[in-house]
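Here is a protein model to look through together. Take a moment with the sequence and the fold before reading on.

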Amino acid sequence: MKKIYLLATALAALVSCSSDDFVGDASPTPGSEEVGEAIEFGSGFKAVTRANSVGADAAALLGNNFVVYGAKSTNTTAAENFADKKVFDHYNVNFTANTAGTTESNTSDWEYVNQTVHSHATGITAQTIKYWDYSTAEYDFLAYSTGTATEISSGTVTSGNLLVSAITPSTVRTAAYTVEGASAADLAKFYIADIKTVLKAEYKKEVELNFRSLSSKIRIGIYETVPGYSVKDVKFYSADATVGDGTPYIYGGTTAFNEKGRFTVSYPTIGYANKDNSDYNKAHVSFAPAASEGQSALKTFGALTPKVDLTNDAASGDYIGRTAPAASMSPYLTVLPNEDGVILNMKCDYTLVSTDGSAETIKVTGASAQVPTVYAQWLPNYAYTYIFKISDKSNGSTGDPSTDLAGLYPITFDATVIDSEANKQETITIVETPSITTYQKESQGNNEYVAGTVYVMVQSGETLANDLDTKGQLYTVNVSGMKSNTVLSETAVAEALNIGATTSGDVTTGRNGIALTKATSNTAITTIVGPNGNNITVTAKTAASFTATASTTYAYVYTVSDADDTFLTTAVNVTAGTVDDADGYYTDMDCTEPAAIESPATHLAAGTYYQKVTNNNTTYAVKVIKVQ
């Protein structure tokens with residue numbers, strides 16, 4: 001008697017065979033190997049780590065069990081309601097190590113035949129073997145696991161268990177099933193899977209089911225690029241009006257972070273006609289909070305990794321890093337997904353320490369930034385890192401915030417998604433008011449962009465700017481004529497536009513020698529390509545995009561306000577015989593007494609003269625964008 005392969009599930013690589021023989025509608029050749037070919041499951045597994053878990057490791061994460069619903073359809077266009085006829089009605093599939101091959105229904109330590117019938121199964125009295133039916137055009141499979149939590153099918157959820165509803169085939173697009181938990185820790189134990197559609201050409205192969213955690217992970221980090229200074233003693237705020245302390249925080253509105261309640265799992269893009277859509281068969285989750293304690297406004301992270309500063313106190317190790325790869329980082333924090341997104345707020349104090357050996361310090365307080373909603377839409381099984389970059393342009397105060405102007409001018413923020421199962425997102429948000437965020441799907445977290453599309457948004461507190469068409473301007477930056485004592489930064493770009501600026505056509509050149517050439521950005525866009533390839537919808541004029549060229553530096557400038565022009569006085573030392581035109585030179589610091597050519601000589605006399613330089617007094621928010 002030939003061996004009949006029964007339903008088996010393995011969290012490992014696929015093993016498959018093929019045959020065109022039918023089960024049910026065609027009679028196999030007597031004695032053929034293809035008699036009674038069973039459906040087999042080979043389940044891949046994607047954890048929120050850099051490597052997949054397989055075998056017993058994967059089974060442990062799944063609590064040695066998952067539940068599968070499978071149905072078949074006679075027409076590939078009939079999958080709109082998750083196929084026509086159920087085959088696996090909430091079948092339990094269980095793992096026992098070292099049992100592979102001990103029964104005909106177990107080839108990889110996973111057994112489903114004669115396992116306990118699930119409470120959601122309708123009219124099922126026993127779990128039995130299933131075979132491929134070649135008279136049907138396709139099968140669709142949906143699975144989930146409660147992991148190490150206990151599944152309940154009714155009653156009240158308490159710590160350690162999850163209430164999972166029955167899978168409803170007719171509403172798979174909007175609500176396939178729900179899962180309710182008493183805490184974020186319990187809900188984070190749940191694993192979802194995308195729908196797997198199998199066409200006739202793939203019958204007799206193992207059905208690959210890829211599980212991934214319902215949870216997301218986030219962490220924060222910080223580094224600095226302030227010329228002439230190191231940064232230490234960073235203190236974060238837990239809310240907008242409180243005093244900073246040593247605990248890293250990010251915060252949002254009262255409903256920013258999901259904690260307790262019910263998730264609804266749906267599959268909005270199903271049906272074979274959608275097979276080329278990047279969202280085809282993908283699982284989505286939405287959250288409804290519990291009546292109380294369902295959502296919170298604050299996330300508290302573990303301590304940031306300190307760095308040793310080689311210029312200043314090398315032994316203390318309490319400084320922050322100076323590059324994005326060397327940023328001081330917090331441990332990952334497990335959170336629940338939020339596909340709607342939230343505005344993330346960060347506020348901090350820090351101390352600047354001069355690197356010139358003088359031990360000068362400057363205390364900066366109340367520096368803040370906001371990350372737009374579209375970059376805080378957390379998806380299941382993604383790991384997000386928000387890196388704060390302190391630069392020479394900060395909206396923090398170096399004196400009394402109630403009376404003194406904010407100075408250095410802003411910190412900038414890198415809001416970055418670090419690799420988690422190849423899931424990446426990177427944005428850079430400048431810390432000033434307003435905050436400018438730039439984003440590129442291809443960027444890999446190395447503090448530089450690559451050639452391709454770059455997106456820009458401007459956030460002012462809780463308000464997203466919607467006038468980028470009139471107040472936003474993209475420039476290319478040329479530093480070939482930059483003065484030797486000038487360092488390219490956001491502040492330097494603002495000064496080039498304001499102080500002693502001359503304009504010829506589309507080129508504006510500042511007194512510091514930085515030349516800015518107007519470039520084109522598209523403010524009519526209504527979508528941004530997200531990290532998973534799907535489009536994020538935005539309102540026209542709230543975002544801009546441009547195509548970045550390799551080895552080019554750009555500056556995006558947003559006009560905040562415009563004031564009356566003034567002038568600055570510059571002292572000029574004149575050597576005898578070098579200046580033969582007195583225009584623009586004055587003998588007094590107030591620039592009221594014009595200088596004159598000495599007679600009978602044809603040059604100014606040697607000495608100190610003064611020149612006026614126009615100061616436009618326009619307030620700009622600036623973001624420098626460097627492209628590899």
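## The chain as a whole

Please keep in mind that this is a predicted model. Of its 628 residues, 51% count as buried. The accessible surface of the protein chain is about 26,700 Å², and carbon and sulfur atoms make up 49% of that surface.

Contacts across the sequence are well represented too: among contacts in the protein chain with a separation of 6 or more, 68% link residues 24 or more positions apart.

In soluble globular proteins, nonpolar side chains tend to be buried together. Here, the largest nonpolar core counts 44 residues, and F236, L344, Y350, W378, Y386 and I528 have the most contacts inside it. At least two core residues come from each of β15 (216–224), β16 (229–236), β17 (249–251), β25 (344–354), β26 (361–371), β27 (383–390) and β31 (452–460). The biggest share is that of β25, which gives five residues.

Another core lies apart from the largest one; it has 27 residues, including Y144, I195, V265 and I270.

## A five-stranded mixed sheet

Five strands make an open sheet with mixed pairing, in the order β8-β9-β10-β19-β20. Its edges are β8 (150–152) and β20 (284–289); each has a single partner strand, so one side of each is left without a neighbour in the sheet. Ignoring direction, neighbouring strands here are turned by 25° against each other on average.

## A six-stranded antiparallel sheet

The order β34-β35-β36-β33-β40-β43 describes an open sheet of six strands, with antiparallel pairing. Its edge strands, β34 (502–504) and β43 (618–626), each pair on one side only. From one strand to the next, the twist averages 30°.

Nine bridges link β40 (residues 553–562) with β43 in the antiparallel sense, and A555 stands opposite V624 of β43. Which helix packs on this sheet? Helix α4 (residues 490–498) does, touching β33 (472–478), β35 (507–509), β36 (515–519), β40 and β43. The direction of α4 makes about 130° with that of β43.

Terms used
Residues are numbered from 1 along each chain as its sequence is written. This is a predicted model: local features need pLDDT of at least 70, side-chain atom pairs count only at pLDDT 80 or more; totals for chains, interfaces and linings use all residues. Side-chain values use heavy atoms; hydrogens and water are left out. Two strands pair if DSSP finds at least two bridges between them. Helices (H or I, at least four residues) and strands (E, at least two) are DSSP runs, numbered from the N terminus. Axes are lines fitted to C-alpha atoms, for helices over the stretch in contact, and angles run from 0 to 180 degrees between N-to-C directions. Contact means heavy atoms within 4.5 Å. Buried means under 20% relative accessible area, exposed over 50%, partly exposed in between (1.4 Å probe, protein chains only). Accessible areas come from the Shrake-Rupley method with a 1.4 Å probe; for residues, only the protein chains shown count as cover. A nonpolar core is a set of buried Ala, Val, Leu, Ile, Met, Phe, Trp, Tyr and Cys residues joined through side-chain atoms within 4.5 Å.
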